[in-house]
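Please look through the sequence and the structure shown here, and keep both at hand while you read.

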Amino acid sequence: MQKPSDFSAFAEITPSARVATERHGWRAKCLQRLVRLDLPVPLTVALPCDTVRAIAAGTLPDTRTLIGLFGDEPLVSVRPSPADPEWGGPSTILNVGMNAARHAALTESHGAAAADALYLAFVQAFAVHVARLDPEMFAAPPGPGALDRALAAYEAEMEAPFPEDPARQLAEVLRSMARAWEGTTARLLRQAKGAPAEAPLGLVVQRMALGIGPGLSGVGTIQLVDPVTGQRQVTGRFHGQSLAPKGGAAEETLYLTRDARGPSLEQRAPEVFAELVREGEACRARLREEMQIEFAIESGTLRVIDATRVARSSRASVRIAVTLAEAGIIAPDEAVLRVEPRALSELLHHQVDPRAPRDRIARGIPASPGAATGRIVFTSAAAQASAARGEDCILIRRETAPEDIRGMHAASAVVTERGGMTSHAAVIARGLGLPCIVGASDLRLDPRDKVVIGPGGRRLGEGEVITVDGTSGEILAGSAEMLPPALDEAFHQLLAWADAARDIGVRANADTPDDARTARDFAAEGIGLCRTEHMFFEEDRLTVMREMIFADTAKDRKVALDRLLPMQRADFIALFDIMAGLPVCIRLFDPPLHEFLPHDREEMRELAEALARPLSEVTRRVEALREFNPMLGMRGVRLGITVPEIYDMQARAIFEATVEASRRGAPVVPEIMIPLVSARREVELVKTRVDAVAAAVRTEMRADFAYRLGVMVETPRAALRAGEIAQHAAFLSFGTNDLTQMTYGLSRDDAGRFMGAYVNQGVYAEDPFHILDTEGVGELLHIGADRGRKARPDLTLSVCGEHGGNPESIAFCRDSGFDYVSCSPFRVPVARLAAAHFALRDPHISGEGA
């Protein structure tokens, strides 16, 4: 039990007081900084975390001595002060010390209406947050008799009068706030915000600034930036509460700056307004942050009650960090560290304006950020038709499949009733930079009647306009107000500073010229994965591809492939021209052939007509190519060895494009990647044929060129035998999507059905398709990297799966000595910033210690 005279239980906040964030919390430390700036802060006392813990355990400090620090008629507020403001805390309690005597004095000095309102507010807050009584009983607004009714209700419920002793009131408030912080619900809430379960809490007790008086009086907030855009702008509010000449209080809300819509504080009290702006600038310069100042004015006299970091959108956080650095207030490296990497995703796309009203239809999993408005369509064909008419559309499906890719390209956004973060729709949408919501289980899709039914039976038919907010996961009715992408000077400056700090490369996965241009726009250092099979799904190529599949002999296959050769060559020339000498890693054909064939009888009939073959033959061939487990069947290098003409054609297209692009631009050194390797001999066989094609092209085109041949490590065996494989490979690129599937024995497209239950029950810490499994899959990466580099010290190592843009995965790759990561173009900025964060926080580089 602490002694009444033990002042270590609390301390007045003065410029020289020993106040520390870890002991007293962020609010106490911030208030001390305001005091040091000589701002007019009311008398404030800080209770350290140890004292608050003791209060929760039943040991109170001497509250009579504490309240006595504030004079004979004390009136104080009690506010939480955790170590991090993001962790929240118990509700602030105002006007502690209010009792019948203080009420009578305030009635004499400020009038009955003002005194009643202050006392009522305290009784209501005390009853609800301290005594834990029913809030509905204490929700009445100020008015005649409201105070008496509240006091009577308290006495009836507690079977005791409302406490009059300020010391007892303060003791009850402190005990309630301390115990609320230690409660189970509060622990879970702050843990969800990243706080440790045992996070401490400090409390601050401050003399009340009532903001009521005969002259200009009131309370308000002011900040010097727009919280949505980050632009320099005075924003805030001022709620005036000046006493009327005949008693009572005249309330009015003033704008802060001059405004044609009504009176402003700047007009009414220019000296006070100017002082507030000066104090805001002082906080910005000395606290090295944009702050929101909470203030009170009493008869023209200003009091600063509190200051908190301005709450801001992602786009505002970038602009604020860069502006502070350019003003010399913080260093560029600190500006980089102040922006959360994932926040950049919101800047790359249109966003729903957070200030605008929302008519929410349903909610799902936000799988790909950004927002889009369009008319509802239910099929890929309808999406393509809509795009052809120049109309924006939203594609809604139960779930998507590979044949929906063209429809996804045509749509402005995608919504699926099923699926998770690693479903087909989510992965493809992130690659396309397309807003996407998956797992929208509130919706019931009826494709036959072309309607989608939301909660409460709300029906939306094809052609109705909706807005998809892929950042929040909300589906909104109608056309919502949008903010444009924020790819401005601040965005590019922040990433330039990030590039100067990071020490791991960032490339992009790009399959088309549009992807490549996006990659260049986001300063990717090359293409780390070009999936050539996506090039064959175009309508004109799909027919030729099917002719090749149905060819009976190698000669007939070559005839069909010769028709594809100029198309592939043109694809690669376009990529090489756009990348202008930057590395381009092209993965040879990977998927099983059946993916290019029709699935229903009507499509088979159309194919039979196009190929001039009997329907029965087409049906038999489709059935013959169908596999029980296509992921583990005839695909990747297995297809390249058994049907070598495909890889021969692709190699020739790559080399001819290399010569052509090099003649008219920067020299090109293509990287050719063999997929799904599991044995050294596979690499030897493919390398022999690729080398032969290269020699033939050199002779035919009378040009020399270099190229690099590597392996995509997607099977556990390839990782284990990396030492052998590396003898024939210039690089190993780990395809973590398939490697995760094969390591776990899970299908990524089906795992969403049970993954939530597995994560919730602690079977897996995270979805391994979303966050790289550093223990299992990561060990295979370590083994492959170590054995590969032992066999070939100059071996280039990279990760090119969906994990490549994930900040946690980038940290693992950097620590493991990988040369670069490759991710979808729209994740490149996130990867660049995340890589800089890890480099700047590395004690071996920064010298700042752990």
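We begin with two helices, α6 (residues 112–130) and α8 (residues 166–182), whose axes come within 10 Å and cross at roughly 40°; helices (H or I, at least four residues) and strands (E, at least two) are DSSP runs, numbered from the N terminus, while axes are lines fitted to C-alpha atoms, for helices over the stretch in contact, with angles running from 0 to 180 degrees between N-to-C directions. The two helices, α6 and α8, are therefore oblique to each other, since angles under 35 degrees count as roughly parallel, over 145 as roughly antiparallel, 65 to 115 as roughly perpendicular and the rest as oblique. Where they meet, F122, F126, H129 and V130 in α6 are in contact with Q169, E172, V173 and S176 in α8, contact meaning heavy atoms within 4.5 Å.

Before going further, note that this is a predicted model, in which local features need pLDDT of at least 70 and side-chain atom pairs count only at pLDDT 80 or more, whereas totals for chains, interfaces and linings use all residues. Residues are numbered from 1 along each chain as its sequence is written, and side-chain values use heavy atoms, with hydrogens and water left out.

Turn next to the largest nonpolar core, which has 129 residues, and in which L344, F655 and L732 touch the most other members; such a core is a set of buried Ala, Val, Leu, Ile, Met, Phe, Trp, Tyr and Cys residues joined through side-chain atoms within 4.5 Å. Apart from it lies another core, of 57 residues, among them W87, L118, Y154 and L170. Leaving aside residues up to four places away in sequence, F655 touches I672, V690, V693, A694, V697, F705 and Y707.

Helix α25 covers residues 645–664, and 15 of its 20 residues are buried, where buried means under 20% relative accessible area, exposed over 50% and partly exposed in between (1.4 Å probe, protein chains only).

Which residues does G230 touch, not counting residues up to four places away in sequence? They are V225, A316, R319 and I320. G230 itself sits in the loop between β6 (218–225) and β7 (232–243), and it counts as buried because its relative accessibility is 3%. Although G230 and A316 are 86 residues apart along the chain, their C-alpha atoms are separated by 3.8 Å.

Finally, D556 has its place in helix α21 (residues 554–579), and at 38% relative accessibility D556 counts as partly exposed.

Definitions and conventions. The expected span of a helix is 1.5 Å times one less than its number of residues.
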